[in-house]
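Please look over the model below before reading the numbered points.

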2 protein chains.
Amino acid sequence: MKPDTVIKEELIIETALRRFVHFGFGKTTFSEIAKDLGISQQNLYYYFPDKKSLVSKAVANVMSCFLEVMQAKINSTGDLADKLVGMIEVKESFFEKYFMLAVERPYEVQYERDELLEILRKAENRQTELVLAEFERAMKKGEIKKQDPVKAATPLLKALTAMQGDYRNMHVVPDHKSIHALFDTQKALIAIYVSGLKNFQAPCNN
Amino acid sequence: MKPDTVIKEELIIETALRRFVHFGFGKTTFSEIAKDLGISQQNLYYYFPDKKSLVSKAVANVMSCFLEVMQAKINSTGDLADKLVGMIEVKESFFEKYFMLAVERPYEVQYERDELLEILRKAENRQTELVLAEFERAMKKGEIKKQDPVKAATPLLKALTAMQGDYRNMHVVPDHKSIHALFDTQKALIAIYVSGLKNFQAPCNN
DNA sequence: TTTTGACTTTTAAATTAAAAAGGTCAAATA
DNA sequence: TATTTGACCTTTTTAATTTAAAAGTCAAAA
């Protein structure tokens, strides 16, 4: 693949993303994207074998950017609560910009073993890994009690994911105020939860 | 209203509930309920002016029973975490029995200012009140740091509600194992969260 | 007071037709 | 050879129409 082609691919993704972010995957057609680019619909097929692959690539771009920013935030100084709250803030900024992509996730659920779902799953796993690593670090530093990091982190992760999911499942476009309220609640939850881990040892019920 | 009629109404509700629990509101017809009772469909209209009111009364019965059991559980001895975990256990036992009613909540959402939604909202509010009362009690007893009980309880309540919502929104019938896992996670969350409130003072950001 | 038969209205499910979007390929262009 | 398009086909959505079933009414019988 020549660099020329790569540049064009990136241009296509960029253009498509603008529509995806505004209207969602379902309400964006291939021919609309082509029109935006000033090329024929069929020509798009030269660069992307089908719509799904364009959607996947676009989402992959966003997610890799997201993970990069999140990684950077985590590398900055602060204790466990600071870092987790920082992650929430990164999430909030991306959610504001790209919530349409998040909302449309259920729309794509039917595809099951989809490339797109795989990308989202991987991003989710990566976030979990990052959180777990921070939990371990905090334990080593003595910030929180030493214990199984998975057991310590899972309830929080599940809660945060579920709270996020509330917004995906309300099919109305959420307003900025209620989005902000959600993330604020998440931050409050983190503060109390992490404080709890400072003197709480989960019981070993194997 | 004569006691005779009341008894019959209760019988109808009982019979209808058996179908609602198994098939849901949407897939239970008025004539089926009538057939179960050995009366004509039109006769049902003598006791209930429409289907909605039968559904509402049935759900109200379940909810009042639920709140009664929950109240009893809370009155039993134990610290804040014990009581909250007890509440989760009550929730689990009712969810196992009546999850179909919970699942169908979205189905009824369209009715907006519905009697049924009002009943569910009231039950939800009552639970919140119970939890808040326990938070205040725990503060007075010195179990957790003194602070605004609403601010202390809200993140936990939101998290628990959202986690519950996950199951309402998966349109597949959930299996017992994953239901149990959900409630287990909720219990773990509570344990750590309450522990956190023992030495955590939420910042006053007015 | 309670029950039902005969009826109307409303809502949900199935069918079909039309339109739109997705996708292919061979030929033209550069 | 890499890129682009015209002509064409297939699949998916959407809208319109019908059909069946459930909800609901009411006067009259038990």
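**Helix contacts, symmetry and DNA**

1. Across the two chains, A:Thr185, A:Ala188, A:Leu189 and A:Ile192 of H8(A) are in contact with B:Ala152, B:Pro155, B:Leu156, B:Lys158 and B:Ala159 of H7(B). Contact here means heavy atoms within 4.5 Å, and helices (H or I, at least four residues) are DSSP runs numbered from the N terminus. By class, the residues of this contact are seven nonpolar, one polar and one charged. Ala, Val, Leu, Ile, Met, Phe, Trp, Tyr, Cys and Pro are counted as nonpolar, Asp, Glu, Lys and Arg as charged, and the others, Gly among them, as polar.

2. This is a predicted model, in which local features need pLDDT of at least 70 and side-chain atom pairs count only at pLDDT 80 or more, while totals for chains, interfaces and linings use all residues. Residues are numbered from 1 along each chain as its sequence is written, chains are lettered from A and ligands numbered from 1 in the order in which they are written, and side-chain values use heavy atoms, with hydrogens and water left out.

3. How are H8(A) and H7(B) placed relative to each other? Helix H8 (residues 176-199) of chain A packs on helix H7 (residues 149-169) of chain B at an angle of about 110°, and their axes are 9 Å apart. The axes are lines fitted to C-alpha atoms, for helices over the stretch in contact, with angles from 0 to 180 degrees between N-to-C directions. H8(A) is therefore roughly perpendicular to H7(B); angles of 65 to 115 degrees count as roughly perpendicular, under 35 as roughly parallel, over 145 as roughly antiparallel and the rest as oblique.

4. Within chain B, H7(B) packs against helix H8 (residues 176-199) at about 170°, with 11 Å between the axes. H7(B) and H8(B) are thus roughly antiparallel. Residues of H7(B) in this contact include B:Leu156, B:Leu160, B:Met163 and B:Tyr167, and those of H8(B) include B:Leu182, B:Phe183, B:Leu189 and B:Tyr193. The contact of H7(B) with H8(B) has 15 nonpolar, four polar and no charged residues.

5. Chain B superposes on chain A by a rotation of 180° with 0.0 Å of shift along the axis, at an RMSD of 0.0 Å. The two copies are therefore related as by a two-fold rotation axis. The superposition is by least squares on the C-alpha atoms of residues with pLDDT of at least 70 in both copies. Both copies use the same surface, since 100% of the contact residues of chain B recur in chain A. The residue of chain B closest to the rotation axis is B:Gly196, whose C-alpha is at 1.5 Å.

6. DNA strand C has 17 residues around it, the nearest being A:Phe30, B:Thr5, B:Gln42, B:Tyr46 and B:Tyr47. A residue is near a strand if one of its heavy atoms lies within 4 Å of it. Sugar or phosphate makes up 61% of the atoms of DNA strand C within 4 Å of the protein, and bases the rest. Phosphate oxygens of DNA strand C lie 2.8 Å from a backbone N or O atom of A:Phe30, 2.9 Å from a side-chain N or O atom of B:Thr5 and 2.4 Å from a polar side-chain atom of B:Tyr47. H3(B) gives the most to this surface, four residues.

7. Around DNA strand D there are 15 residues, with A:Thr5, A:Gln42, A:Tyr46, A:Tyr47 and B:Phe30 the closest. Of the atoms of DNA strand D within 4 Å of the protein, 67% are from sugar and phosphate. A phosphate oxygen of DNA strand D is 2.5 Å from a polar side-chain atom of A:Tyr46, and another pair has a polar backbone atom of B:Lys51 at 2.9 Å from a phosphate oxygen. H3(A) supplies the largest share of the surface near DNA strand D, four residues. That surface has four nonpolar, seven polar and four charged residues.

Key
A polar contact is a pair of N or O atoms within 3.5 Å; within protein, one must be able to donate a hydrogen and the other to accept it, and residues adjacent in sequence count only if both atoms are side-chain atoms.
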